[in-house]
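Visitor: I'm new to this one. Can you walk me through it?
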Amino acid sequence: MSTVTDAPPTAPAPAGEPPRGPRRRGRLVPYWLLLPGILWLVVFFALPMVYQASTSVQQGSLEDGFKVTWHFATYWDALSEYYPQFLRSVLYAGCATALCLLLGYPLAYLIAFRAGRWRNVVLVLVIAPFFTSFLIRTLAWKTILADGGPVVGALNTLHVLDVTSWLGMTEGDRVLATPLAVICGLTYNFLPFMILPLYTSLERIDGRLHEAAGDLYASPATTFRKVTFPLSMPGVVSGTLLTFIPAAGDYVNADLLGSTDTRMVGNVIQTQFLRILDYPTAAALSFILMAAILVMVTVYIRKAGTEDLV
């Protein structure tokens, strides 16, 4: 008759050596869980970035082929030739971001504190435009801002176009094919990216803080200035970043709603890649745009005084 004997206990690991057995395997589980995400970033982000970097320092032609010659002068040539488009991209994206903040903050405040049982309905209405193609939404603005349409007629009646023409945003009685049309398209298309982070940040504010401010005889304006807005700064920062970054690189709105005088750097990159087939210049412009946005975002986050993004 056989007897079952217990397995000898595992000897403890010597001092200075990592633990062995199940404990060590347990510590490796988080790294194995991160592996798919790391592979995704390497394949679809890191490798394309390396390829683009190598393309930006190449020379040649499509017929003879491109070769890496470490020609860094391409960056200076691209920047010196297309700096107006860079400045225009920053200006249009900045204006669109400011308009999104002015329009989105009251709506996010309404959803967070006043919507009540209609909150979910209003949130669905905010994200409903995403159910339609970006291209179709932009093309719809060509009809809205068409010459002789009701929108342009109302702006003419209110003499708004006189002011925008003085500012250089429109030309005469036209809105389409002007900077104002491009900014309107950018504002509309990226407005949900501003509203949702603002709503998330405002919803986290404890309502008792507003009651405490009222008990201390603070007016609604003072409560907003001293309590609500400072506590919603993470949403403001993340919302402006989510709006400004894609707007600065956008080319669809400038292509469909603008003209040759409103071309942004995204339009130049698209033309260099797909029409002129000057891949080194297009890659250099892409890296310059990315570096410029990275610098502006870093400065903005530090000036905003918060890194706790929603």
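Guide: One term to begin with: buried means under 20% relative accessible area, exposed means over 50%, and partly exposed is in between (1.4 Å probe, protein chains only). This is a predicted model, where local features need pLDDT of at least 70, side-chain atom pairs count only at pLDDT 80 or more, and totals for chains, interfaces and linings use all residues. Residues are numbered from 1 along each chain as its sequence is written, and side-chain values use heavy atoms, with hydrogens and water left out.

Visitor: OK. How many salt bridges are there in the whole structure?
Guide: A search finds 3. A salt bridge here is a side-chain nitrogen of Lys or Arg within 4 Å of a carboxyl oxygen of Asp or Glu.

Visitor: What does Arg 174 pair with?
Guide: Asp 147, at 2.8 Å from N to O. Arg 174 sits in the loop between helix 6 (160–167) and helix 7, and Asp 147 in the loop between helix 4 (134–144) and helix 5 (150–157), 27 residues apart. Helices are DSSP runs (H or I, at least four residues), numbered from the N terminus.

Visitor: Is Asp 147 buried or partly exposed?
Guide: Partly exposed, because its relative accessibility is 45%. Arg 174 is also partly exposed, at 36%.

Visitor: Switching over, which residue does Glu 203 meet?
Guide: Arg 119, with 3.3 Å from N to O. Glu 203 lies in helix 7 (residues 179–203) and Arg 119 in helix 3 (residues 119–127), so the pair ties together parts 84 residues apart in sequence.

Visitor: And what about Asp 206?
Guide: Asp 206 forms a salt bridge with Arg 208, the closest N and O atoms being 2.7 Å apart. Arg 208 is exposed at 59%, while Asp 206 is partly exposed at 32%.

Note on methods. Helices (H or I, at least four residues) and strands (E, at least two) are DSSP runs, numbered from the N terminus.
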